[in-house]
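Here are my notes on the pockets and a couple of helix pairs. Have the structure open while you read.

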Amino acid sequence: MELFSYFTSISQAMLQIFFLGLIGFVLVRRKVLTEEGLSGLTNLFIVIVFPSLIFWQIVTKFKFELYPQWWMFPILSLMITAVGLLVGYLCSSNLKDAHMRREFICLTGFQNSGYLPLVLLRWIVPEKHLSTILIYLFLFLLSFNLVIWSWGVYFLSARTSRRFSLGSVFSPPVVAMLAGFSFVALKINACIPQYILSPIEMLGNCSFPLAIVVVGATLANGYTPKQLEKENILRLILAKLLVLPLLGLVFLNYIKLPYLIGLLIMLELAVPSATNLAIIARKYSTQERLISQGIFFTHIVSLVTLPLFLAGFNFIVMRR
């Protein structure tokens with residue numbers, strides 16, 4: 001009964017996420033939100049709102065002595081990305097189109113590591129543990145953002161249209177993380193007055209609903225039903241939403257980790273493909289064919305698979 005209750009709570013959270021995303025989707029389809037408007041909304045989230053949440057959480061909640069193994073989460077992120085890329089590489093071995101294969105590998109290896117976990121954790125984790133797991137998430141995102149905005153751009157653009165640039169990895173969320181950790185290390189965070197922290201906190205709290213509205217709008221803006229790649233979409237769903245979370249369940253069944261760390265691992269392995277890939281593909285790739293469809297369908301199917309695998313993880317924890 002506890003397992004069913006947990007599954008129900010996750011499903012309800014996913015439905016809330018779905019309806020928030022539907023708002024963004026409908027706004028774009030009805031042309032209330034134009035492509036320029038979506039770009040502005042996305043920039044607002046990436047440049048201001050999300051970095052505000054990251055910075056506020058770190059300077060008010062993080063202490064190095066409370067998280068002595070903080071370095072473990074960036075390494076964990078690199079390992080999960082490497083496993084995803086490997087699964088994508090193996091599952092696309094018979095694809096003859098080299099560019100299509102690169103898109104498939106990226107869709108499998110790079111997950112919606114920030115938007116969905118950010119909102120889902122807000123609903124399924126008790127308030128007393130929320131700050132802790134959000135710190136874990138931000139530490140996890142540090143390496144993920146470095147990889148997707150550097151190597152990911154380089155690989156997806158056929159490794160010829162764009163040179164690898166260290167400067168490209170310092171996106172606003174990464175800068176906010178580095179600034180936050182620097183403030184904590186130098187103990188500057190204790191000197192920040194409340195009249196500055198409070199507006200930053202209010203901006204950061206907008207991240208939870210705004211993130212999903214942006215996801216829904218991005219899916220509506222990027223997906224076109226022409227030339228549907230049915231076989232490759234089915235293969236992607238199998239690799240991304242079944243193989244990877246199954247590997248996670250097997251791993252967490254034999255390696256007993258603290259609950260919050262295990263939950264983060266399971267969540268990152270079970271979420272759909274990264275919406276950032278649509279932005280990267282539109283900006284740097286000249287012949288995007290699978291990215292938009294892959295993002296769209298993995299998000300739709302994850303409404304079913306994500307609650308199932310999170311409930312499976314909870315069942316494993318309950319058996320111990």
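**Pockets and helix packing**

1. Start with helix 3, which gives six residues to the lining of the second largest pocket, the largest share. Before going on, some housekeeping: this is a predicted model, where local features need pLDDT of at least 70, side-chain atom pairs count only at pLDDT 80 or more, and totals for chains, interfaces and linings use all residues. Residues are numbered from 1 along each chain as its sequence is written, and side-chain values use heavy atoms, with hydrogens and water left out.

2. That second largest pocket holds about 340 Å³ of space. Of its 16 lining residues, L76, M79, I80, F251 and I265 are the closest to the centre. Two or more lining residues each come from helix 3 (72–91), helix 10 (230–254) and helix 11 (259–270). By class the lining has 15 nonpolar, one polar and no charged residues.

3. On terms: a pocket is an open set of points on a 1 Å grid over the protein atoms alone where a 1.4 Å probe fits, with protein on both sides within 12 Å along at least five of seven lines, and lining residues have an atom within 4 Å of a point. Volume is the space filled by probe spheres set on the points, which are joined across faces, edges and corners. Helices are DSSP runs (H or I, at least four residues) numbered from the N terminus. Ala, Val, Leu, Ile, Met, Phe, Trp, Tyr, Cys and Pro count as nonpolar, Asp, Glu, Lys and Arg as charged, and the others, Gly among them, as polar.

4. The largest pocket has a volume of about 550 Å³. It is lined by 28 residues, with T42, I46, W149, N276 and I279 closest to the centre. Helix 2 supplies nine of the lining residues, the largest share.

5. Y259, G262, L263, M266, L267 and A270 of helix 11 meet L306, F309, L310, F313, N314 and V317 of helix 13, where contact means heavy atoms within 4.5 Å. These contact residues divide into 10 nonpolar, two polar and no charged.
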